[in-house]
Amino acid sequence: MIIIMEPSAVEEEIQKVVGRMENLGFRTILNRGDVMTVIAAIGDKRLIDPATIAAMEGVREIQLIQEPFKLASRESKKDDTIIDLGRGVKIGGDHPPVVMAGPCSVEDNKEGLLKVAHAIKETGAQVLRGGAFKPRTSPYDFQGLEETGLKYLKEASDQTGLLIITEVMDSQDVGLVCKYADIVQIGARNMQNFKLLKAVGQCNKPVMLKRGAAATIREFLLAAEHIMYAGNPNVILCERGVKGIDAKYTRNTLDLSVVPIVKKYSHLPIMVDPSHGTGRRYLIEPMSKAAIAAGTHGLMIEVHHEPDKAYSDGGQSLDIPMFQSVMKELNSIVDLLVKKEKAVK
Ligand code: PEP
Ligand code: MN
């Protein structure tokens with residue numbers, strides 16, 4: 001940690017800061033410049049709250065040198081984390097993007113879900129998505145079928161061989177959801193529900209963590225750190241858009257820069273959800289293409305057998321023919337990229 005003192009700081013203030021840091025077990029190195037003094041403090045940052053040091057008399061600024069996330073950081077693990085999702089599907093590293101698709105909510109029309117599942121399987125998607133526990137902004141909206149929904153997902157998986165991803169909203173339900181799901185999803189609204197992060201950190205399924213709607217990348221990676229710290233190294237990050245300034249044309253602002261940024265600072269797989277990221281059906285194809293070009297490890301796309309009748313997020317859901325056409329486009333881009341990589345090697 002670097003502590004930069006004000007040019008006006010007097011010796012007594014400098015010594016107070018040095019004394020405070022040394023009492024906390026830090027080693028300090030003083031660099032007295034012509035204009036200001038800089039104190040390098042070396043030690044275990046977990047023991048202090050930098051804001052309390054920043055508030056001391058004569059302190060201008062605190063700079064942290066190391067990334068605050070450790071287990072999730074590239075510094076701690078150079079190689080990409082590749083997660084085996086089951087049934088031979090792997091996510092991360094140089095593996096082609098994994099496609100997770102399906103309705104926003106699992107609805108009481110099981111036949112509709114099965115129709116979607118068979119269709120997405122045929123196009124080459126590997127994972128069926130669908131919410132059985134739904135985080136809804138309004139209490140009057142559809143809240144999900146809970147265990148019945150999980151059972152429908154399981155039936156669709158048994159029929160098609162697709163893996164299942166579904167959201168868990170409460171730490172009490174982690175055991176139940178893990179019984180049915182191959183990947184457990186933490187939604188944007190729960191990205192900083194630390195009790196829930198700890199609970200999925202103790203389960204034995206990979207966890208897909210969505211970025212909070214107003215979360216910085218640092219907060220996003222620290223949320224992943226909570227899951228890893230609790231014992232689960234298999235975390236997949238998912239960008240799903242952040243609150244922007246333009247709610248008229250897009251539901252959220254899809255921050256694709258997070259893909260190369262996360263790849264630089266973390267070894268964890270990072271994927272993109274253009275459905276919640278944009279909220280508009282016509283934006284799914286171009287933003288999926290852009291996500292692949294940016295290097296995403298996966299895509300999450302909402303598909304409904306009859307989007308106009310969907311209980312949730314119909315406006316951003318593709319119908320089956322649209323999904324088939326989007327996948328045709330995406331598969332050709334992935335093929336091109338794979339060919340290019342082979343030619344380079
Ligand atoms: C979802 O994927 O079903 C969902 C609710 O997304 P988010 O948490 O990104 O809003
Ligand atoms: Mn949705």
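Glu146 sits in the loop between strand E8 (127-129) and helix H4 (147-160). The model is predicted. The protein has eleven helices and 14 strands. Its C-alpha trace spans about 75 × 50 × 40 Å along the principal axes. Of the 345 residues, 50% are buried.

- Most residues other than glycine have a negative phi.
- Is Glu146 buried, partly exposed or exposed? Glu146 is partly exposed, because its relative accessible area is 43%, between the limits of 20% and 50%.
- Asp313 also has a positive phi of about 55 degrees and is not a glycine.
- Asp313 lies in the loop between E14 and helix H11 (320-344).

**Manganese site**

- Four residues coordinate the manganese ion (ligand 2): Cys104 through SG, His276 through NE2, Glu302 through OE and Asp313 through OD.
- The distances run from 2.0 to 2.3 Å.
- Along the chain, the donors follow the spacing C-x171-H-x25-E-x10-D.
- Cys104 and Glu302 link distant parts of the chain, 198 residues apart.
- Cys104 is in the loop between strand E7 (98-102) and helix H3 (110-123). Glu302 is in strand E14 (residues 298-302).
- Both Cys104 and Glu302 are buried.

- Which residues are around ligand 1? They are Arg129, Lys134, Pro135, Glu167, Gln185, Gly187, Ala188, Arg189, Lys210, Arg240 and His276.
- By class, this shell holds two nonpolar, three polar and six charged residues.
- Arg129 places a side-chain N or O atom 2.7 Å from an oxygen atom of ligand 1.
- For Gln185, a polar side-chain atom is 2.9 Å from an oxygen atom of the ligand.
- For His276, the corresponding distance from a polar side-chain atom to a ligand 1 oxygen is 3.5 Å.
- Taken alone, ligand 1 exposes 290 Å², and the protein buries 97% of that.

**Strands E10 and E11**

- Strand E10 (residues 183-186) pairs with E11 in the parallel sense, over three bridges.
- The bridge partner of Gln185 in E11 is Met208.
- Strand E11 (residues 207-210) is covered on both faces.
- Val207 and Leu209 are buried on one side of E11, and Met208 and Lys210 are buried on the other.

- Strand E1 (residues 2-5) runs antiparallel to strand E3 (residues 37-42), and three bridges join them.
- Within this pair, Ile4 has Val38 of E3 as its bridge partner.
- Strand E2 (residues 27-32) is also antiparallel to E3, and six bridges join these two.
- Ile29 has Ala40 of E3 as its bridge partner.
- How many residues does the hairpin use to join E2 to E3? The hairpin joins them through four residues.

- Is Ser157 buried or exposed? Ser157 counts as buried because its relative accessible area is 4%, under the 20% limit.
- The side chain of Ser157 makes a polar contact with the side chain of Arg87, at 3.4 Å.

**Lys248 in a loop**

- Lys248 is in the loop between strand E12 (235-239) and helix H8 (258-265).
- Lys248 counts as exposed because its relative accessible area is 61%, over the 50% limit.
- Lys248 and Ala51 are 197 residues apart along the chain. Their C-alpha atoms are separated by 38 Å.

Note on methods. Residues are numbered from 1 along each chain as its sequence is written. Chains are lettered from A and ligands numbered from 1 in the order in which they are written. This is a predicted model: local features need pLDDT of at least 70, side-chain atom pairs count only at pLDDT 80 or more; totals for chains, interfaces and linings use all residues. Side-chain values use heavy atoms; hydrogens and water are left out. Two strands pair if DSSP finds at least two bridges between them. A residue is near a molecule or strand if one of its heavy atoms lies within 4 Å of it. A polar contact is a pair of N or O atoms within 3.5 Å; within protein, one must be able to donate a hydrogen and the other to accept it, and residues adjacent in sequence count only if both atoms are side-chain atoms. Accessible areas come from the Shrake-Rupley method with a 1.4 Å probe; for residues, only the protein chains shown count as cover. Ala, Val, Leu, Ile, Met, Phe, Trp, Tyr, Cys and Pro count as nonpolar, Asp, Glu, Lys and Arg as charged, and the others, Gly among them, as polar. Donors are N, O and S atoms within 2.8 Å of the metal (3.2 Å for Na, K and Ca); water is not among the atoms, so sites may look incomplete. Buried means under 20% relative accessible area, exposed over 50%, partly exposed in between (1.4 Å probe, protein chains only).
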